[in-house]
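Hi,

Here is the structure I promised to pass on.

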Amino acid sequence: MLDQDAENLPSEQSQPEERSTLHRRNFLARAGMVGITLPLAGCAGTTLGSRVLNDKAASVGGGPRFPAAASAHDLQHFAVEGPGNPALIVPKKGFKPYPSELQPVGPEKVKKIYQEVRSDTIVQLTDGVNYPGWSLDGKIPASVIRMRVGDTMEYSLKNLAEQGHSIDFHAANAPWDKAFHTIEPGKEFAFTWKAKHPGVFMYHCVTPLAVQHVANGMYGMSIIEPEEPLPPAREFSLVQSEFYFKNNEIDYDGIAAGNSPDYVVFNGTANQYQDYPLVAKAGELVRFYFLNVGPNMWSGFHMIGGVFDKVYLEGNPRNVTYGHQVVSVAPSGGVICEVTLDEPGLYPLVTHCFAHASKGAVGILKIV
């Protein structure tokens, strides 16, 4: 177990920007990304549409439309349910970073998971840019689900949206036609599966066109612990994802064509862990569970100022390698990265595709 001092670290994620001396613009300059600015979806300083989407789009180019701008007052009617919900309502004063620090897996051998598809989840991509997404449980990304090899999941999904949705657990061995089929609006579906392989896995909506559903926010991380637990560590989860806009609308054509995204973020919001760093102690083992949900772009996960001591490809301890400067993670791929840092200071976390880092995929690990 972690020692008493480590368990009682002050929560830097709850403190404002002034706690970190490395501001975003300074970091971009120091990292060699001068001249690359964060796009504001073609509407600098504007808040993107706030109304519930017309959820009936079925084909590329025929997607839902929403107003180009809305006031903070207009957004107040959104109230997404769920404890610790990181989906954000403007004004930014109420911002809470997505909870990245992980809690240990529970002792239950049977994990009962119930989720609800929603089409009214607002995630604040950056100050003044609010994305009206779809979600699996009122959060973007959806909640981290943690199990052990040998555990059984009893999973239920209710569709509260206005079009069909589904679920696909990459960690599950289950027939696609029986477990991952589309659930009609107002219906509920349940299935049971047993975890057989350790790793960091994606789960997501797979209803066609799946790229639209993933790009709109319907994804989450599942962690399957090995039978023999990894050593105690301070653990964080990071989900990299992409968001696409065109003329203040969701750019379905650009998504399907593989165009460059407008935002690439960790845990739903650009640069949030620069303002609210992840915190660990000097000499403490730090473990990152990293998932790249895409839907289209690869990630080069990298820590500036540190080398990952151990990397478990796909999050499986049997796939251990050592001394990584960067880890290549495919869309839907997962990885575990471990590091112990002895010197206090700031260690930026980025995708080393700097064009994407400049669009929001930057955070800070603060060693105290």
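**Cores and rings**

The largest nonpolar core has 57 residues, and the members that touch the most others are Phe 169, Phe 191, Trp 193 and Phe 243. Before you read on, bear in mind that this is a predicted model.

Leaving aside residues up to four places away in sequence, Phe 191 touches Met 153, Glu 154, Tyr 155, Ile 167, Phe 169, Ala 174, Ala 179 and Phe 180. As background, nonpolar side chains in soluble globular proteins tend to be buried together.

Phe 191 also turns up in a cluster held together by ring pairs: Tyr 155, Phe 169, Phe 180, Phe 189, Phe 191, Trp 193 and Tyr 203. Strand S7 (residues 199–204) runs antiparallel to S5, and two bridges join them.

S5 and S7 belong to an open sheet of four strands, ordered S3-S8-S7-S5, with mixed pairing. At its edges are strand S3 (145–148) and strand S5 (168–169), each of which pairs on one side only.

**Around Phe 290**

The model has 13 aromatic pairs in total. One of them is Phe 266 with Phe 290, which is edge-to-face, with 6.0 Å centre to centre and 85 degrees between the planes. This pair links distant parts of the chain: Phe 266 is in strand S12 (residues 263–266) and Phe 290 is in strand S14 (residues 285–294), 24 residues apart. Both Phe 266 and Phe 290 are buried.

Phe 290 has another ring partner, Phe 301, and here the pair is stacked, at 4.2 Å centre to centre and 15 degrees between the planes. That one also links distant parts of the chain, from Phe 290 in S14 to Phe 301 in strand S15 (residues 299–303), 11 residues apart. Phe 301 is buried, as is Phe 290.

Which residues does Val 329 touch, not counting those up to four places away in sequence? Phe 290 is one of them, along with Asn 292, Trp 298, Ser 299, Gly 334 and Val 335. Val 329 is part of strand S18 (residues 326–329). Its relative accessibility is 3%, so Val 329 counts as buried, the cut-off being under 20%. Trp 298 is 31 residues away from Val 329 along the chain, yet their C-alpha atoms are separated by 5.9 Å.

**Strand S21**

Last stop: is strand S21 (residues 362–367) enclosed or open? Six of its six residues are buried, so S21 is largely enclosed by the rest of the structure. In a regular strand, side chains alternate between the two faces of the sheet. In S21 both faces are covered, with Val 362, Ile 364 and Lys 366 buried on one side and Gly 363, Leu 365 and Ile 367 buried on the other. Do note the lysine in that list, Lys 366.

As for neighbours, S21 pairs with strand S13 (residues 278–280) in the parallel sense over three bridges, and Ala 280 stands opposite Ile 367 of S21. S21 also pairs with strand S20 (residues 345–351), this time in the antiparallel sense over six bridges. There, Tyr 347 has Leu 365 in S21 as its bridge partner.

Cheers

Note on methods:
Residues numbered from 1 in each chain as written. Predicted model: local features only at pLDDT ≥ 70, side-chain atom pairs only at ≥ 80, totals over all residues. Heavy atoms only, no water. Buried < 20%, exposed > 50% of the residue type's maximum accessible area, 1.4 Å probe, protein only. Contact = heavy atoms within 4.5 Å. Pairing = 2+ DSSP bridges. Phe/Tyr/Trp six-rings, centres within 6.5 Å; stacked < 30°, edge-to-face > 60°. Core = buried A, V, L, I, M, F, W, Y, C linked by side-chain atoms within 4.5 Å.
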